[in-house]
Amino acid sequence: MIRRMRRPQPWRLRSRWFARGRPIRFNDSTDMQIQPAKLSLTPDKQLRIEWSDGQVRLYRVAELRDQCPCATCREKRSAPPEPAPLFPVLSTAEARPLTLAGMEPVGHYAYSIAFSDGHDSGIYTFELLRELGRAENA
């Protein structure tokens, strides 16, 4: 009689809750529970977010675009500045004022923001959005 060996189950070898054989410790901070409660645009085209803890923050569109967390934008920010051309030529997208083209939730932790210049690959986590912008004075 040939005995079949049981194949080890993948979850027994490496659980997703373990890293390098040690349990992952999750932050018990309440920051992870704070979520946007209401999104709106102000008359001067700033994004206004009311958070679940009562804080209200305003975001300029240019600030959100400049702080885009996508890999391409992070690489451009960390690269040394290029020398300015003698005669800069702006595309039509660069000449128009920058606006928000749309926002979509990404899971329960972030928003994907699309801009009028066509850029839409940044995923803005709630944590990043809490750091950006300025608190609205009540």
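Two residues are taken to be in contact when heavy atoms of each lie within 4.5 Å. The structure described here is a predicted model, in which local features need a pLDDT of at least 70 and side-chain atom pairs count only at pLDDT 80 or more, whereas totals for chains, interfaces and linings use all residues. Residues are numbered from 1 along each chain as its sequence is written, and side-chain values use heavy atoms, with hydrogens and water left out.

By this criterion, and not counting residues up to four places away in sequence, Y109 touches I123, Y124, T125 and F126. Y109 is found in the loop between strand 6 (100–106) and strand 7 (110–115), where strands (E, at least two residues) and helices (H or I, at least four residues) are DSSP runs numbered from the N terminus. The relative accessible area of Y109 is 45%, and the residue is therefore classed as partly exposed; this class lies between buried, under 20%, and exposed, over 50%, as found with a 1.4 Å probe on protein chains only. Y109 and Q33 are separated by 76 residues in sequence, while their C-alpha atoms are 9.4 Å apart in space.

An open sheet of 4 strands, with the order 3-4-5-9 and antiparallel pairing, is also present. Strand 3 (36–41) and strand 9 (134–135) stand at its edges, and because each has a single partner strand, one side of each is left without a neighbour in the sheet. Two strands are said to pair if DSSP finds at least two bridges between them. Strand 3 is joined to strand 4 by 5 bridges, one of the pairs being P36 with W51 in strand 4. These two strands form a hairpin with 5 residues between them, and K45 in the turn has a positive phi of about 65 degrees. Strand 4 (residues 47–51) and strand 5 (residues 56–59) run antiparallel and are joined by 4 bridges; E50 has V56 as its bridge partner in strand 5, and I49 stands opposite R57. The hairpin of strand 4 and strand 5 has 4 residues between the strands, and G54 takes a positive phi near 95 degrees. Strand 5 is in turn joined to strand 9 by 2 bridges, with R57 opposite A135.

A salt bridge requires a side-chain nitrogen of Lys or Arg within 4 Å of a carboxyl oxygen of Asp or Glu. The side chain of R57 instead has a polar atom 3.0 Å from the backbone oxygen of L132, and it reaches the backbone oxygen of G133 at 3.0 Å. Leaving aside neighbours up to four places away in sequence, the residues that R57 touches include W51, L129, E131 and E136.

Side chains of opposite charge can pair when their charged atoms come close. In the whole structure, 4 salt bridges are found. E50 and R48 meet in one of them at 2.6 Å, N to O, and R48, E50 and E136 are linked in a network. D53 and R130 form another at 3.0 Å, N to O; this pair links distant parts of the chain, with D53 in the loop between strand 4 and strand 5 and R130 in helix 5, 77 residues apart. The closest N and O atoms of R65 and D117 are 2.9 Å apart in a further salt bridge. R65 lies in helix 2 and D117 in the loop between strand 7 and strand 8 (123–125), so this pair ties together parts that are 52 residues apart in sequence.

The largest nonpolar core has 18 residues, and those with the most contacts inside it are I49, W51, Y59, L64, F115, Y124 and L129. Such a core is a set of buried Ala, Val, Leu, Ile, Met, Phe, Trp, Tyr and Cys residues joined through side-chain atoms within 4.5 Å. Strand 4, helix 2 (61–66), strand 7 and helix 5 (126–131) each supply at least two residues of this core.

Key. Polar contact = N/O pair within 3.5 Å; in protein donor to acceptor, adjacent residues only side chain to side chain.
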